[in-house]
Amino acid sequence: MQDLSAYNSFGLHVRAEDLIMIHSVEDLKKVPGGQVLILGRGSDVLFTDDYQGTVLVNDIRGLQVEECGDDYLIKAGGGLLLDGLIEDLVARNISGLENLSAIPGTVGAAPIQNVGAYGMEIGQVVESVTFYDLDRRCAGSFDKEQCEFGYRNSYFKKHPERRLFITEITLRLTREFKPKLSYHGLEGHIFETPYQLREQIIALRRKKLPDPKKVGNAGSFFKNPQVSTEKAQDLKKIYPDIPLYPQADGTVKLAAGWLIDKAGCRNITHGRAGTWESQALVIVNRGGACPHEIVALAKYIVCEVMNRFSIILEPEVRIYGARGEVSWNSL
């Protein structure tokens, strides 16, 4: 059995029958049949049990920058750390990803969850995603439309039956520095360089979120719920300070962290799991936590928010049991 504590950012001491580091497509061609789980660095994963199969860890590196008219095409290996890629690009004065700075995890995992922060999602700049199909034993690629990006969602997440190992993503970034400042913590600020914006984003994250290298966590545990305009206005009458974010589809996004906080769940503890004192949306391993303690705490939070606001929170993290991904409602 192989220890997975280094491959899940909660730092849970779970194991797998085998673990294979993947450095190239050639390595993928040699992967034996049977049950497999694809991981980057496990920054959005909650294991509820030991995994009865083989874990494939994406360690495909490589970075290629091409000039394409007024844009750059960035081809990045799926095993690169996303923040490392952003740091590298900013050092070259190439902008467009700064709002995603300091998000843990790999480049290959980013499209699966369509990771986002501070008013940006990775899907906005994806040109294409290249993958290796473990069942058909061949390479393939999707353009942006085929990736079906949505809020914390994509084709890759919606179709887990297709075992697609992301080997590379191509990003289209404009040459001109156009900072994305829609997030309320950035409005009114002036940034002259990508470096300045990146430093501000990192400062914002450090102020609210724990470093997974020091405190086990998977970042935001729950998605921000989206409700009807009518529901949002009803809540506004009762809670005038509730933050509301109107969406293009007519719904209104709410801040899950605000809901959890108002439900009395900030900085609470269950066993060795708890919510973070600066951001109630984050569940942390306070040291030696077991999977069931994290699940129990998360379920408690869902109940408290439901009782207070009649809103059902859904997890953002992906949950894996002994035989693969499991649904939240089955726990």
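Colleague: In what order do the three strands of the open sheet with antiparallel pairing stand?
Modeller: The order is 14-16-15. This is a predicted model, in which local features need pLDDT of at least 70 and side-chain atom pairs count only at pLDDT 80 or more, while totals for chains, interfaces and linings use all residues. Residues are numbered from 1 along each chain as its sequence is written, and side-chain values use heavy atoms, leaving out hydrogens and water.

Colleague: Which strands are at the edges there?
Modeller: Strand 14 (226–227) and strand 15 (244–246) are, each with a single partner strand, so one side of each lacks a neighbour in the sheet. Strands are DSSP runs of E, at least two residues, and helices are runs of H or I, at least four, numbered from the N terminus.

Colleague: How many bridges link strand 14 and strand 16?
Modeller: Two bridges join strand 14 to strand 16 (residues 252–254) in the antiparallel sense; pairing requires at least two DSSP bridges. Glutamine 226 faces lysine 253 of strand 16.

Colleague: What about the sheet of four strands: what is its order?
Modeller: That open sheet runs 1-2-5-3 with mixed pairing. Strand 1 (2–3) and strand 3 (36–39) are its edge strands, each pairing on one side only. Strand 2 (residues 15–22) and strand 5 (residues 51–58) run parallel, joined by six bridges. Aspartate 18 has threonine 54 in strand 5 as its bridge partner.

Colleague: Changing topic, at what angle do helix 2 and helix 6 cross?
Modeller: The axes of helix 2 (residues 82–91) and helix 6 (residues 194–208) cross at roughly 150° and come within 9 Å. Helix 2 is therefore roughly antiparallel to helix 6 (an angle over 145 degrees). Axes are lines fitted to C-alpha atoms over the stretch in contact, with angles from 0 to 180 degrees between N-to-C directions.

Terms used:
Parallel < 35°, antiparallel > 145°, perpendicular 65-115°, else oblique.
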